[in-house]
Amino acid sequence: MIAILGLIFPYFALIGLGYGTGRATPRPIEGLAWLQVFVVYLALPAMFFQLLSKTPVERLANPAFITATTLATFAIFLTIFSAGYARTRGDVPASTIQGLAAAYGNIGYMGPGLAIAAFGPEATVPVALIFCFDNTLHFVLAPLCMALGGRSGRSVPAMMAEVLTRIFTHPFILATIVGIGAALLGLHLPAPIDRLLTLLASAAAPCALFAMGVTLALRPLKRVPPELGYIVPAKLVLHPIVVYLFLAFAGPFDPVWVKVAVLLACLPVATNVFVIAQQYGVWVERASAAVLVTTLASVVTVTLALYLMSSGVLPADPFAH
């Protein structure tokens with residue numbers, strides 16, 4: 001347990017440092033814009049490209065793993081969307097944000113660094129696959145559900161164009177596609193470019209987590225929405241359990257891949273859920289509260305999940321004989 005606490009401490013400490021700095025020296029949130037551009041468009045894509053371009057390409061094709069993890073995430077979304085739909089008596093936009101809050105984890109900012117620190121370079125491929133397909137799922141669900149709820153205001157062709165644009169212009173997904181292409185071609189970059197990418201990749205986690213902490217500080221929690229009573233346990237407890245069970249029935253898989261998938265499912269609500277809420281003007285303050293509360297609670301749940309996996313209490317293949 002001490003080793004696990006030592007492993008996760010730097011990641012949550014960086015969020016804490018960002019939060020403390022944001023509270024101690026408040027600046028307009030717009031001041032984070034260039035740091036976020038650096039993280040999203042340069043640092044994290046460099047990390048994904050570097051890791052994937054050096055991965056044997058035969059390890060990238062695993063449709064059973066992709067199907068199991070994506071369906072598990074969709075099952076969580078559908079469950080909490082349904083709960084929100086019943087609670088709001090048919091408010092599709094609000095229910096959509098609730099569903100996303102339960103299913104859309106912080107797999108971009110926190111996922112790669114934490115998974116690789118916990119499980120080594122073997123975590124690279126499952127992280128990239130889960131990131132690409134979970135994000136594609138969310139990019140489809142958000143505009144589709146908002147259109148059904150009357151918040152989109154776009155025609156079906158325009159909505160489909162928006163979905164495809166968001167998928168194929170996302171820096172992380174582009175970096176993943178280019179990285180897989182480099183692996184297929186056996187491409188080796190010149191040493192100076194490789195060192196540049198290494199510097200950018202090394203900056204990804206510190207900058208992303210610090211920026212996340214500052215963002216949380218500049219959006220203080222005014223009240224705890226009652227909906228968090230089912231969203232928080234769904235995101236931090238139910239999501240990893242469902243992912244684990246789906247992989248158990250679809251497997252067997254490499255134990256590291258199973259552990260990575262469970263760890264990513266344990267992560268708190270992604271800040272993108274707040275961005276989507278802002279984009280459609282629905283459930284904005286409560287989405288911000290969900291990000292903050294799950295981030296604080298995930299210190300406990302992520303630590304516990306890592307302990308259960310490392311101690312063998314949660315075996316990677318529960319049906320093995």
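**Ground rules.** I number residues from 1 along each chain as its sequence is written, and side-chain values use heavy atoms, with hydrogens and water left out. Because the model is predicted, local features need pLDDT of at least 70 and side-chain atom pairs count only at pLDDT 80 or more, while totals for chains, interfaces and linings use all residues.

**Cavities.** I looked for cavities (sets of points on a 1 Å grid over the protein atoms alone where a 1.4 Å probe fits but cannot get out; lining residues have an atom within 4 Å of a point). The structure holds four of 30 Å³ or more. Volume here is the space filled by probe spheres set on the points, which are joined across faces, edges and corners.

**Largest cavity.** I find about 90 Å³ of space in it. Its lining has 13 residues, with T73, I130, D134, H239 and A265 nearest the centre. Elements giving two or more residues to this lining are α3 (63-88), α6 (124-148), α10 (228-250) and α11 (255-266).

**Second largest cavity.** This one has about 50 Å³ of space. I list T215, L216, R219, T271, F274, S288 and V291 as its lining.

**Cores.** I then turned to nonpolar cores (buried Ala, Val, Leu, Ile, Met, Phe, Trp, Tyr and Cys joined through side-chain atoms within 4.5 Å). Buried means under 20% relative accessible area with a 1.4 Å probe, protein chains only. The largest core has 99 residues, and L306 is one of those with the most contacts inside it. The largest share, 13 residues, comes from α6. Another core, of five residues, lies apart and includes F49 and L197.

Methods. On a 1 Å grid over the protein atoms alone, a cavity is a set of points where a 1.4 Å probe fits but cannot get out, and a pocket is an open set with protein on both sides within 12 Å along at least five of seven lines; lining residues have an atom within 4 Å of a point. Helices (H or I, at least four residues) and strands (E, at least two) are DSSP runs, numbered from the N terminus. Buried means under 20% relative accessible area, exposed over 50%, partly exposed in between (1.4 Å probe, protein chains only).
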